[in-house]
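Please read them with the structure open.

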Amino acid sequence: MACVKLGSKSDAFQRQGQAWFCTTGLPSDLVVEVGEMSFHLHKFPLLSRSAVMERMITEASEEGEEKCSVVLPDIPGGAKTFELIAKFCYGMKLELTATNVVHLRCAAEHLEMTEEHGEGNLIMKTDNFLNQVVLRSWQDSLKALQTCDDLISYADEHNITKRCIESLAIKALTDPNLFGWPIMEHDGPLQSPGGSLLWNGISTGARPKNLSSDWWYEDVTVLSFSLYKRLISVMESRGVKPEIIAGSLSFYARRYLPGLNRRRGITESSSNLSAVGPAALPSEVDQKSLVEDIDRLLPMQKSLVSTKFLFGLLRTGVILQVSPSCVSNLERRIGMQLDEATLEDLLMPNLCHSTETLYNVDCVQRILEHFLVMDKATDGASACSEDNGELIGSPSLTPITMVAKLIDGYLAEVAPDINLKLPKFQALVAAVPDFARPLDDGLYRAIDIYLKSHPWLAESDKEQLCRLMDCQKLSLEACTHAAQNERLPLRVVVQVLFFEQLQLRTSIAGCFLVSENLEGSRQLRSGFGGPVEGGWDTAVKENQVLKIGMDSMRMRVSELEKECSVMRQEIEKLGQAKSSSTWTKKFGFKIKSQMCSAEEKSVSQNNGTSTARIEKLKERRGKHDKNLSLDR
């Protein structure tokens, strides 16, 4: 820290309890009361430097007392600053530093220590030190700005606060790698004007490491939020990039909001808190206003800060009971970048006493709605179209697909909560557009968990919930699980079996098509007289793999036929117990039974066709063997 020495006389001040005495050999003729401290001084050194002291001493001397007394109740900086002023008036040695120059400058102005009253007076000395030394250094400007908090009204009146903030803003805007000196003098070794490091005043030739644009983030966290807010406002007016402003705000928030560090690493959280100290942490009221102010200062743009930070800010704001507008703004910010969130971020505990759910489902639904509005505004939904039931997507479809997967995972996490009502669960499921889910496996898992955790649901409620799931968008594994799931309504199971058979039939047809294409390509290759032995070995291996695949599919079709037959028998037994018309009107089981019978015949016919095609392949392979033997 830079300093300037004033005066040449040795220090002759001595303290005795709550009093200071000047031991220059002459008896004291003036007592100055500053707070609880009294200074026993002499009239002439003070009245020769200060116009205020001259007037007060003159008024006190008119009373005729030999030793006059003067009271200074509101001098900036108090007794400690007046001690330095008294030493300056006596010409004793003292040091001007970044930590005392603001107090001395304001006190000198208060006492009217101008050049008209004495040459080389304190106002001129402190102004020169501020302009020529303090404001040219990042660290000294920062320390001087810190001291402005103690006497902010005086510092603002004399434009000291503004000058310090302007100095810091200009230095933060400057690229430290472009101007290595004197910008890069904070927290590091001294540097020469050429930029090389100095050791004992000698240039080493070594260059300091390059600094990124966030080099000043940690430094400004020592400021109170009122001063920090003014610094950020000046930076914004000077055109600092929004991502730099947002990065500084998030760094400052993590330093003074301990709730943001609860889900971070233990080492990182403890280091942040130890740097501030437990006594320096603001109160809950100050933390509440800090959250609201940071929300106002953050630019409303996507991806300026991490989604995890925004969720932490929202969680802390809810705990501190910030204003509803602040909560709404934070939810809107998160909605803009919901595709960057993780499942852990969404699992916010419910702190509202009006509802008994474990997690704050309402908040997640509002965030999802904000995301869908933003996606629609950017034509994310209109950029996709359907062709034969399949989506032809675009790059804008990717975020909403990621969000759909995220919400399905969230639904699976909150589904075990027995206090989660069915309408709220259904509303969150239905909030995601159908085209956003390429597969409904995640949704099926969430519905299955909900049905397992809420076994008291009526059959009609189960069917209503399952209607939100598209059985055609279930994978083969999910269909297999659903076909054996006793928690699903019988109508849903029949639909799953039907679509599973369609998938198997399509797969088998595709395999036969591939095998015919392979057979045709081999015949073409054999006509050119290439290396026959190697090609034949490869063909044999491919035929074996294809045969194994078709055998497994044939077994799976047989199992499905058995399951469908058993189900048809159970439905017929139920039909015998009651009249056929009653069951038809209520559940439509008769129609389902006919559908299963039709599908059973269709699969049997398909199975016979598959056997015929296999025999055809064997005949072709026998002809191929004969052709090879003739060639040899």
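**Notes on the predicted model**

1. Lys308 is partly exposed, at a relative accessible area of 44%. The terms used here are buried for under 20% relative accessible area, exposed for over 50%, and partly exposed in between (1.4 Å probe, protein chains only). Lys308 forms a salt bridge with Asp345, with 3.1 Å between the closest N and O atoms; a salt bridge is a side-chain nitrogen of Lys or Arg within 4 Å of a carboxyl oxygen of Asp or Glu. Lys308 lies in helix H13 (residues 307-320) and Asp345 in helix H15, so the pair ties together parts that are 37 residues apart in sequence. Asp345 counts as buried, at 4% relative accessibility.

2. On the basis of these notes: this is a predicted model, in which local features need pLDDT of at least 70 and side-chain atom pairs count only at pLDDT 80 or more, while totals for chains, interfaces and linings use all residues. Residues are numbered from 1 along each chain as its sequence is written, and side-chain values use heavy atoms, with hydrogens and water left out.

3. On the overall make-up: the protein has 25 helices and 11 strands. Helices (H or I, at least four residues) and strands (E, at least two) are DSSP runs, numbered from the N terminus. Of the 632 residues in the protein, 44% are buried. Among contacts with a separation of 6 or more, 70% are between residues 24 or more positions apart; contact means heavy atoms within 4.5 Å. The protein exposes about 33,400 Å², and carbon and sulfur atoms supply 54% of that area. Accessible areas come from the Shrake-Rupley method with a 1.4 Å probe, and for residues only the protein chains shown count as cover.

4. On the other salt bridges: the structure holds 18 salt bridges. Side chains of opposite charge can pair when their charged atoms come close. In one of these bridges, Arg296 pairs with Asp293, and the closest N and O atoms are 2.2 Å apart. Both residues are in helix H12 (residues 284-297), 3 residues apart, so they are separated by about one helical turn. Arg296 is exposed, at 58% relative accessibility, whereas Asp293 is buried, at 11%.

5. Where does the salt bridge partner of Arg437 lie? Arg437 bridges to Asp408, with the closest N and O atoms 2.9 Å apart. This pair links distant parts of the chain: Asp408 is in helix H17 and Arg437 in the loop between H18 and H19, 29 residues apart. Arg437 is buried, with a relative accessible area of 4%, and Asp408 is buried as well, at 7%. Elsewhere, salt bridges that share partners join Arg105, Glu109, Asp127 and Arg163 into one network.

6. On the core: the largest nonpolar core has 154 residues, and Val32, Leu41, Leu338 and Phe425 touch the most other members. Such a core is a set of buried Ala, Val, Leu, Ile, Met, Phe, Trp, Tyr and Cys residues joined through side-chain atoms within 4.5 Å. Helix H17 (residues 397-414) gives the largest share of this core, 9 residues. Leaving out residues up to four places away in sequence, Leu41 touches a set of residues including Phe13, Cys22, Leu46, Phe82 and Tyr90.

7. On aromatic pairs: a search of the whole structure finds 11 of them. Rings of Phe, Tyr and Trp (its six-membered ring) pair if their centres lie within 6.5 Å; planes under 30 degrees apart count as stacked, over 60 as edge-to-face and the rest as tilted. Phe425 and Tyr450 are stacked, at 4.4 Å centre to centre and 15° between the planes. Phe425 lies in helix H18 (residues 422-431) and Tyr450 in helix H19 (residues 441-453), so this pair ties together parts 25 residues apart in sequence. Phe425 is buried at 1% relative accessibility, and Tyr450 is buried with a relative accessible area of 1%. Ring pairs also link Phe225, Tyr228, Tyr252 and Tyr256 into a cluster.

8. On helix H13 again: Gly312 lies in this helix and is buried, at 5% relative accessibility. Gly312 and Gly259 are 53 residues apart in sequence and 7.3 Å apart in space, C-alpha to C-alpha.
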